[in-house]
Amino acid sequence: MKPKLVEPAPPLAQIESDLDALLRDGKPIRRDFGNGNRLHMDRPLPFLCVHVGSHQDAAFHAVSANASYLIAADIGLAREAARLVVRRLRDHCGAFLMLDIGELAEDRFLTEDVPFLPPFEIALACGDTAAEKAALKRFATAASAREAKYRTPRVDELNPTTRAEARLLDDLGDAACLTVRFAPIYRVPGTKRVYPELHDLVVANMVDSALQAVSAFLKASRLEQPATHRSLGRRAYIDAVVRADRAIDNVASTFDFLLAVTPINAEPAWLEFQAGAFERVPVLLYRPLEFEVAGQKRKLYSVSLDHLEDPLLTTLLSQKQQELDLQLSMLAARETPRFVELGRALYGSVEPSLAARARAILEKAPNVASATRQKGLGADAVAAAARDMIAGYRAAYPEFDASVEIRGDLPAGLLVSRNRLLVSRDTNLPPERLTALLSHEIGVHLLTYFNGDAQGLAIFRNGLAGYEGMQEGLAVLAEYLVGGMTAARLRLIAARVIACQAMLDGATFEETFRILHRNFGLDDRGAFNVVLRVYRGGGLAKDAIYLRGMVQILDHLKDGGSLTPFWIGKISAAHFGAIQELNARGLLRAPRLEPAFLSSDAARPRLKKAMAGIGPIDMVET
């Protein structure tokens, strides 16, 4: 008979040394003991989440998502390490709570003779102190408030029936402890498979409920409560997060989506369209792709998000993976019918309310089209002014390392690509629009790129998934705040919505041109420029986001929302909750820069007006 292998005792002397460094110098602990055993503490905190047993269950992921946790192979190892941590941190913090989190042996409520989707079981136990009971009560309340795919939690008292449900509480002396056991409802009954979405919901519930329990414990212990329980979460990116973010950025940096779908022959295309009496769609030419789409997709999905130990960051990076995948699919489908439908998936359809708003603008905003296009500022003058504005931002923040390039392969206008401002050689800009356009491109798009770059993860400079709508809404708001929102500009933004709707409804290039020209009064060249943007690549629904984003930002201001979170990086309104949590956890820095236009005397009364509540048509100044 082979002798039974005994798990070696953890190096308690090393843990003691790590705790000394943590308390003396603030040095984080990430000590691996082998066999997956680990102690992680990113700063001195008044709690430790502990998981004993399998590394394949949701309890493991819930525990390892915390800023202070211990993973142990067996309960004996957990008790030795936990006692040491409790003793040192309780003295330092004034009180200390151990959260012993695991799973019940089975989903006992899921049987053949119960109704469809019964409640799922959460069992709790704690010590006799008032603070522990307060923690248990808060955990129960928080966990019960969040259903997991229609299965509502039911909280009961824990009465261990198996070895897997044994408690640290039984052998930790006078240490405060809360024991949590929940049913493995995320497992497919009778198999080893899991429901991934349900797994993630359960993990998120356990993490949030645990932090709320700690907050209640601190209050009952008469210690200072955090401003929000979220601030008890992680305050540092582990290496796995940084590596995953960098790997996704490596894929994102191999292509510029908008450049890849923008025609390089805009001016010849206009002359061809004009020569054909506006009846024949011109030939549009595009840059050849410098990479293999399938190869980039393989790289994109070779980035593992399985060990990031942070459900929120995992979600953000996963969403960005999916967005890049969709963009790559669109590039592979460029100039084919599939491009339009993939674009619809990326940018959405034009909702009826947005189309109605666009039509109202085109009907109400005065049409001041001139018979001939006047000579305005050319590319050299616009580029010189852009360099001056960039120099002002660089003087305030030396890392604002933006460049300006004049390009002959772009339609008239400006375009930001990462840290570059690209100016078309065909640019012809009315002088009164110069400040507005530079505030749009530099004061919003470039500024959020560099502010995002300072956050430590590339995803904040490249943009969280779906960020573009809010970015363009902010950029259009910037035009208004500097006094540059003209009737012509607002009509152009509205016309893009009408053109997107027509394109998505199946109208041809020529038909959409006629709609804008004959029905809404755009001149020949103006209508062509809008249609060219909307039909680039085969049909791109992006241009509806300008008006949609503008309305969203005006509603946000009217509801008392602040603009400050939007300067942190490139984010969407849908990520406000995530940004608030990351900020509460100390993972985000305040914006290094705010737009210069916000502090101008001209902007203040306009911003005040926007906060009082206005519509897009009210932004036009006569």
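Analyst: Angles of 65 to 115 degrees count as roughly perpendicular, those under 35 as roughly parallel, those over 145 as roughly antiparallel, and the rest as oblique. This structure is a predicted model, in which local features need pLDDT of at least 70, side-chain atom pairs count only at pLDDT 80 or more, and totals for chains, interfaces and linings use all residues. Residues are numbered from 1 along each chain as its sequence is written, and side-chain values use heavy atoms, with hydrogens and water left out.

User: Why are helix 12 and helix 20 described as roughly perpendicular to each other?

Analyst: Helix 12 (residues 352–364) and helix 20 (residues 545–558) pack at an angle of about 95°, with their axes 10 Å apart. The axes are lines fitted to C-alpha atoms, for helices over the stretch in contact, and angles run from 0 to 180 degrees between N-to-C directions. The two helices are therefore roughly perpendicular. Both are DSSP runs numbered from the N terminus, where a helix (H or I) has at least four residues and a strand (E) at least two.

User: Which residues of helix 12 and helix 20 meet?

Analyst: From helix 12, Leu 354, Arg 357, Ala 358 and Ile 361 meet Leu 547, Arg 548 and Val 551 of helix 20; contact means heavy atoms within 4.5 Å. This contact has 5 nonpolar, no polar and 2 charged residues. Here Ala, Val, Leu, Ile, Met, Phe, Trp, Tyr, Cys and Pro count as nonpolar, Asp, Glu, Lys and Arg as charged, and the others, Gly among them, as polar.

User: What makes strand 1 and strand 7 edge strands of their sheet?

Analyst: The sheet is open, with 8 strands in the order 1-2-4-3-5-8-6-7 and mixed pairing. Two strands pair if DSSP finds at least two bridges between them. Strand 1 (29–34) and strand 7 (153–157) each have a single partner strand, so one side of each is left without a neighbour in the sheet. The twist of this sheet averages 20° from one strand to the next.

User: How do you know that strand 2 and strand 4 pair?

Analyst: Strand 2 (residues 37–41) and strand 4 (residues 68–72) run antiparallel and are joined by 4 bridges; since pairing asks for at least two, the two strands qualify. His 40 stands opposite Tyr 69 in strand 4.

User: Which strands do helix 4 and helix 5 lie across?

Analyst: Helix 4 (residues 130–144) lies across strand 5 (97–103), strand 6 (120–126), strand 7 and strand 8 (176–182), at about 170° to strand 6. Helix 5 lies across strand 3 (47–52), strand 5, strand 6, strand 7 and strand 8, at about 160° to strand 5.

User: What makes the pairing of the sheet of 3 strands mixed?

Analyst: This open sheet has the order 9-11-10. Strand 9 and strand 11 (residues 420–424) run parallel, with 5 bridges between them, whereas strand 10 and strand 11 run antiparallel, with 4 bridges. Glu 405 stands opposite Leu 422 in strand 11, and Val 416 has Leu 421 as its bridge partner. Strand 10 and strand 11 form a hairpin with 2 residues between them, and Arg 418 in the turn has a positive phi of about 55°.

User: Which residues lie nearest the centre of the second largest pocket?

Analyst: They are His 199, Asp 200, Val 203, Pro 311 and Thr 314, out of 48 lining residues. The volume of this pocket is about 1500 Å³.

Definitions and conventions. 1 Å grid on protein atoms, 1.4 Å probe; cavity = no way out; pocket = protein on both sides within 12 Å on 5 of 7 lines; lining within 4 Å. Points joined across faces, edges and corners; volume = space filled by probe spheres on them.
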